[in-house]
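Here's a quick tour of one protein model. Have the picture open as you read, and we'll start with charged partners before moving on to the greasy bits.

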Amino acid sequence: MNNDYYLDVVDINNKKAMQEVSDFLKKFDLELDFIDYCITLRNVQTNEIMATCSTQFNLIKCIAVCSKFGGLGLSNVMVTHMLERISNEGYDEAFIITKEKNRDTFMKMGFGMIYENDTIAFLTNRPDRVTDYENYLKSVNIPGNNGVIVMNANPFTYGHQYLIEQASKQVDTLYVVPVLENMSFFTYDERKEMITKGSEQFKNVKVLNGCPYIISKSVFPSYFLKSDDEVIKQQTNLDANIFVKLFKEPLDVKKRFVGTEPYSKTTEMYNEALATVMNANGIELVVIDRKDFDGKPISASTARLDILNHNEKELEEIVPKTTLQVLNSIDLDTRLKTDKTKIFKDN
């Protein structure tokens with residue numbers, strides 16, 4: 001390590017240590033939010049914090065460097081350390097959220113822009129993948145008056161099927177994009193299979209590959225983790241703008257469809273933020289009332305509870321046979337033992 005400083009891995013469970021990091025960040029108008037790893041670079045002689053950086057999953061954030069140490073390349077040191085750690089954690093792509101004024105620092109390190117505005121910049125160390133995904137979208141597009149649904153489907157219910165059916169009647173082609181993250185009880189591949197089999201009867205519906213840039217734990221952790229209202233608003237705004245940038249032109253998107261959300265506060269707030277961003281970008285947000293069963297809106301969370309409690313009859317009433325076929329191919333008893341907590345996640 002450089003003779004001027006040393007790298008210190010902060011114990012994120014140590015309140016005093018984290019308060020010191022938080023106080024340092026406040027000098028740069030930054031807040032310490034959800035993180036799972038944190039480092040500081042400290043002056044060898046005085047032990048003062050010279051710089052800090054944190055991660056959440058494969059997202060690098062909460063980056064700050066004291067101006068009087070600006071010529072030492074401290075950002076580069078921290079990001080290099082974080083990229084190595086992220087790679088060792090099994091991720092093959094890393095993201096950075098930073099203030100827009102710092103964008104060039106990270107672009108010089110090889111990061112590419114996904115989205116930026118006057119306040120923030122969201123970057124990836126694999127800009128080639130963003131280009132590849134945009135090219136993929138262009139390759140599958142059928143020009144016309146098209147619409148999109150972004151869907152987690154954890155699991156796919158009659159409610160999801162109804163949303164697809166109603167949306168498909170309003171557009172030439174309806175594209176359904178499964179949420180890519182594997183933080184749900186059912187994996188991405190399982191959920192995509194449920195969606196694909198459950199929408200085969202709708203001839204103008206195409207189920208696309210998901211991407212790590214929308215409703216992801218990197219961009220939108222509040223979808224998977226509890227957070228306060230203001231953080232949710234900021235994250236949903238970023239997520240909605242990334243959607244516009246990635247999907248609008250490649251897929252000729254004129255409408256985006258969502259269902260009403262009586263149970264999930266996060267999803268309800270997400271829909272409200274979507275309306276503002278979509279309308280500002282010439283995309284109509286169409287909200288479709290949730291399908292009811294027995295006087296109550298059908299919910300994926302209810303379906304998961306039926307699975308947990310082995311309520312087979314009740315489950316059959318709210319999920320299509322195609323979903324049951326996928327469920328029958330999964331060792332649910334083993335999964336309930338290992339991933340039971342995911343049953344209760346708000347997604």
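Predicted model: local features only at pLDDT ≥ 70, side-chain atom pairs only at ≥ 80, totals over all residues.

A salt bridge is a side-chain nitrogen of Lys or Arg within 4 Å of a carboxyl oxygen of Asp or Glu.

**Salt bridges**

- The structure holds 10 salt bridges.
- The Glu-20 and Arg-42 pair links distant parts of the chain, helix H1 (residues 15–26) and strand S2, 22 residues apart.
- Arg-42 also forms a salt bridge with Asp-8, and here the closest N and O atoms are 3.8 Å apart.
- Buried or exposed? Arg-42 is buried at 8% relative accessible area, while Asp-8 is partly exposed at 26% and Glu-20 is partly exposed at 36%.
- Arg-103 pairs with Glu-116, their closest N and O atoms being 2.7 Å apart.
- Arg-103 sits in helix H3 (residues 103–107) and Glu-116 in strand S6, so this pair ties together parts 13 residues apart in sequence.
- Glu-100, Arg-103, Asp-104 and Glu-116 are linked in a salt-bridge network.

**Nonpolar cores**

- The largest nonpolar core has 35 residues, and Ile-242, Phe-243, Phe-247, Leu-251 and Met-278 have the most contacts inside it.
- Helix H7 gives this core its largest share, 7 residues.
- Looking beyond its neighbours within four places in sequence, Met-278 touches residues including Ala-240, Phe-243 and Leu-285.
- Another core, of 34 residues, lies apart from the largest one, and Leu-25, Tyr-37, Ala-51 and Ala-121 are among its members.

Technical notes: Residues numbered from 1 in each chain as written. Heavy atoms only, no water. Core = buried A, V, L, I, M, F, W, Y, C linked by side-chain atoms within 4.5 Å. Buried < 20%, exposed > 50% of the residue type's maximum accessible area, 1.4 Å probe, protein only. Helix = DSSP H or I, 4+ residues; strand = E, 2+ residues; numbered from the N terminus. Contact = heavy atoms within 4.5 Å.
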